[in-house]
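Please open the model in a viewer with residue selection and distance display to hand. The tour makes two stops.

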Amino acid sequence: MPEGDVVWYTARRLHEALADRTLTRSDFRVPRLATVSLADDTVTEATAHGKHILIRTGGGLTVHTHLRMDGSWRVTSVEEPVRNSHRIRLILANDAWQATGYQLGVVELLRTRDERRVTGHLGPDLLGPDWDTGEAVRRLAAKPDLPIGAALLDQRNLAGIGNIYKAEVLFLRGVNPWTPVSAVPDLAAMADLAQQLLDANKERVGQVTTGSSKPGEQTWVYGRRGRPCRRCATPIRSQGQQDRITYWCPRCQPAAGWTPSPPSC
C-alpha cells in the first residue's frame, strides 16, 4: 500500500495540474457517481491527509480518493489520449492537463465542510501542518498492551506510516515489532524519526532509509528476508503477508527478555 510520502507526492502533482483551473471534464466510473459531472467547477486545491487525497473545488465539493493497495494517479497532457481501461475509476481534466485515477480503492464526492467524516478519526499527519509529536505519543500510549508494530500502522495514532516505514523505524530504534507499546523506550523519538524519514522521501520516487539510493541498498530490513543484516549479518526475518508483512533483525531487534551475545571478531 502506498505510504504517506507517496500520497503526498501524488497530491502535489494533482495540485500542480488541476488547481486554479476550471474542469472541462469529469468522468466518474463508479456506479453511485456515474451521472455526476464537475465540469465548469474550478479546482481550488489538491492535498493529502495521511493516505487520503482530497481534491477541493470552488463549488464547495471535495473528491475524496484513497489508493489502497493498487491505486494510482497519472497526470498527462490533455492532448494525450487516455487508453480506455476497466481499471480507470475517475478522470478529471482541464484545458491543459488530465488526471486519471486507476484502481482507486475509494472514490467519493462530499461537501468540503463534511471532510471530517472521512479524516476526522486520523491521528496527526506525519507530513501535514497538524503534525504534533506529543499528540501522536498520547495516542500510541493509550493502548499500552498493543504491539508497537501494530500501533504504528494504526492511522488513528499517526497518519501516513505504512509497512515500509514501520519496519525501518523499528530497526533504526532497535525495537522488536512485538514489543508492547508500554515497554518501548522514548516513543517521541520513534514518532519523530518516522516523520523525518517520510519528510526526507516525499519529493522523490521510491523510499530510501539507508542514505543510499542504489538498487538493493535503499532499506535496512524491509524486503530483505533471508539476507544478512547490514549491521550484524544475521539473516533478516519476516512474518505475515502483503501489507501486513513484518521484517526485522532478530539480533538488532531482540524480543523482550533476550540479550544477544557480543558479535565475534
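What follows is a pair of helices and then some cysteines.

This is a predicted model, in which local features need pLDDT of at least 70 and side-chain atom pairs count only at pLDDT 80 or more, while totals for chains, interfaces and linings use all residues. Residues are numbered from 1 along each chain as its sequence is written, and side-chain values use heavy atoms, with hydrogens and water left out.

**Helix pair**

Select residues 133-141, helix 3, and residues 187-201, helix 6; helices are DSSP runs of H or I with at least four residues, numbered from the N terminus. Their axes come within 9 Å and cross at roughly 120 degrees, where axes are lines fitted to C-alpha atoms over the stretch in contact and angles run from 0 to 180 degrees between N-to-C directions.

Now show side chains at the contact (heavy atoms within 4.5 Å). Helix 3 contributes Thr-133, Ala-136, Val-137, Leu-140 and Ala-141, and helix 6 contributes Leu-187, Ala-188, Ala-191 and Asp-192.

Move to Cys-249, which is in no disulfide either; the nearest cysteine sulfur, that of Cys-232, lies 3.6 Å away. Cys-249 is buried at 0% relative accessibility, and Cys-229 is buried at 5% (buried means under 20% relative accessible area, with a 1.4 Å probe and protein chains only).

Definitions and conventions: Buried means under 20% relative accessible area, exposed over 50%, partly exposed in between (1.4 Å probe, protein chains only). A disulfide is a pair of cysteine sulfur atoms within 2.5 Å. Helices (H or I, at least four residues) and strands (E, at least two) are DSSP runs, numbered from the N terminus.
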